[in-house]
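Dear colleague,

I am passing on the structure below, and I would be grateful if you could read it alongside the notes that follow.

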Amino acid sequence: MREFLLGNEAIARGAWEAGVKFVSGYPGTPSTEIIETLATRYPETNPRWTANEKVAFEEGMGAAIGGLRTLVTMKHVGLNVAADAFMVFPYSGTNGGFVVISADDPGMHSSQNEQDNRYLARVAKVPVLEPSDAQECRDFMMAGLNLSEQFHSPVMLRTTTRLAHHKGLVEVGERTEVATREFNRDPQRFSVPIYRLLRRPEVEKTLTALAEYAETCPFNRIEEGRDNKIGVVTSGISYQYVKEVLPHVGVLRLGITYPLPANLLRDFCSKYETVYVIEEGEPFIEEFMRAAGIANITGKELFGVIGEYSPARLRKTLGMGNPPAPFTEGIKLIPRPPMFCIGCGHRTVFAALRQLRVTVSGDIGCYTMGALPPYEAEHTTFCMGASIGVAVGLEQAGHENTVAIIGDSTFVHAGIPPLIDAVYNKSRLTLIILDNSATGMTGSQPNPISGKDAMGEETPKLDLEALSRASGVQNVAVVDTWDRKEVVNVIRRAVSFKGPSVVIARGPCQQLPEIKRSLRIPFFIHEDLCTQCDACFKVWCPAITRTENNFPVIAANECTSCTVCAQVCPTDAIKLAEGFA
Ligand SMILES: Cc1ncc(C[n+]2csc(CCOP(=O)(O)OP(=O)(O)O)c2C)c(N)n1
């Protein structure tokens, strides 16, 4: 049977077919659809969202040494968060098959950096599989679990944005139930750091065995070319571009990119005058080849390390002329910069911060857009949880009125230790937690604040007020995020408080399915009462435009009934539309 699947859906399918019984992960583009697919279609795999990637990895590690086939998912920067566990797991090795997805994002479509996680795998001494299409996403997922059990090693399945989000036909099968393996308490293997020294040679032995396996394994494939002039070594989605642009050249497609097969590479390259190494990201394969003494190669000096590859980019680089005109040529698209959704509760908070002219140390989430026009009220953004530590540091540098702003999911992910630290080190920090009950930026997944788990089932809700107080914050305020004036007042009071403060700006994400489904009566503008003072335009709501005779008008199908425009109208001309109640 064949199904038309996203790369991520194919990974989910492979995990289900291979008998996976535990899945954990934290949302992050381009990995998120794996757990979403498992939760909606394959609940037997027991999928869950966790507080962060380190927790996901550790729960997965426990499940795998306990004997279950296990999948852990995250985006590339998530592996930085999980790195502590990732680096140590190979020392004990696994029991049940363990695959971690590292979804890398060349081109930084939705990430804070470009990072090639094959290097992290090399530091951890973990084998890496890189599929090249949706079929291989399924197949490599399944094969990765077998490989993991064969070598007792965790396995990384590395995808990239195009691979995760392209669609292809996938030959699928049925689920095979796999018995839970026995867990033997073995402190030498699983416990006590001093024993790890005894395990150290095992790590090297496993790696050597994997390198031997890579020489002949089915993941690596040679496709003969027409002549011996040009050969290509490639991996991942780049393989597709090579096949499109250079269909007649000889290709070594590497499906396992760590450890790399030195002899196979040497043999392949000896048959060609020049070999192009075409790999998106860093020169990971190329550096290995050079170190192995292979001299007839050309790689990054021609193809570059920055951004995504594409057939057009390869053609241009190789001087093959312009690609055929895309079907979109001649169509003028209206530029659409990223912006907050209509009715998003973050809008009032950034309007207040702009008005109060404070320095704002931001974090990772939808609210990162507070840095952009028209608000321009977020001044630093680095990585998840950094808003709080950076605010504490800025305070030490004399910026007393720095406000840290963080979303609820990010607060749970990485904001709690820095808040505790800020209190401990006597900071006067003002922290705003944007509580929209969702991990908005990645598609409004539930988190511990939502009171729902990945399967949509009820679960205890984290009490942010109690948690802030337990951390030692005495000044804790909660504000309805659509109460414009109150938002300003509460933040102003918090900033002038002589000690740490937490402001919880609360109001659900407008993209939550239950909010989208709810009946919301739109507002409309009464032209008889409107004086065209334009005050309503200053709330920067994209649902408000102008009529031909220059009156403001609200798009009824867009209005979320957030009331903010009605709050600013001096003549009370903005009213609930009649006939909707
Ligand atoms: C380490 C890491 N993991 C995951 C992500 C992906 N990601 C970007 S923003 C975000 C969280 C957004 O949720 P929240 O903080 O609640 O803010 P919202 O978008 O709802 O405003 C996530 C998970 C990331 N950028 N970095």
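In what follows, two strands are said to pair if DSSP finds at least two bridges between them; helices (H or I, at least four residues) and strands (E, at least two) are DSSP runs, numbered from the N terminus. This is a predicted model, in which local features need pLDDT of at least 70 and side-chain atom pairs count only at pLDDT 80 or more, whereas totals for chains, interfaces and linings use all residues. Residues are numbered from 1 along each chain as its sequence is written.

The sheet

Strand β2 (residues 22-25) runs parallel to β3 and is joined to it by three bridges, with S24 standing opposite R48 of β3. Helix α3 (residues 53-65) packs on the sheet, where it touches β2, β4 (70-75) and β5 (98-104), a contact meaning that the C-beta atoms of two residues, placed from the backbone, lie within 7 Å. The direction of α3 makes about 165° with that of β4, the axes being lines fitted to C-alpha atoms (for helices over the stretch in contact) and the angles running from 0 to 180 degrees between N-to-C directions. Taken as a whole, this is an open sheet of seven strands with mixed pairing, in the order β3-β2-β4-β5-β7-β6-β12. Because β3 (47-49) and β12 (256-258) stand at the edges with a single partner strand each, one side of each has no neighbour in the sheet.

The domains and the ligand

The protein is divided into domain 1 (2-216), domain 2 (221-317), domain 3 (346-515) and domain 4 (519-576), with bounds that come from an automatic or database domain assignment. The centres of domain 3 and domain 4, taken over C-alpha atoms, are separated by 28 Å, and six residues of domain 3 are in contact with six residues of domain 4.

Around the ligand there are 25 residues, of which the closest are G365, G407, S409, T410 and G440; a residue is counted here if its C-beta atom, placed from the backbone, lies within 6 Å of the molecule. The elements that give two or more residues to this shell are α4 (76-81) and α18 (408-424), and at least three residues are drawn from each of domain 1 and domain 3.

Buried elements

Which residues of α16 are buried? They are H346, R347, T348, V349, F350, A351, A352 and L353, where buried means that 20 or more other C-beta atoms lie within 10 Å of a residue's own (exposed is 12 or fewer, partly exposed in between, with C-beta atoms placed from the backbone). Since eight of the eleven residues of α16 (residues 346-356) are buried, the helix is largely enclosed by the rest of the structure. The elements covering these buried residues include β15 (359-361), β16 (402-407) and α22 (564-568), and just after α16, R357 takes a positive phi of about 55°.

In strand β11 (residues 250-254), five of the five residues are buried, so this strand too is largely enclosed by the rest of the structure. Both of its faces are covered, with G250, L252 and L254 on one side and V251 and R253 on the other. Strand β9 (residues 221-223) pairs with β11 in the antiparallel sense over three bridges, and L252 is the bridge partner of I222. Strand β10 (residues 230-235), by contrast, runs parallel to β11 and is joined to it by five bridges, with L254 as the bridge partner of S235.

With best wishes
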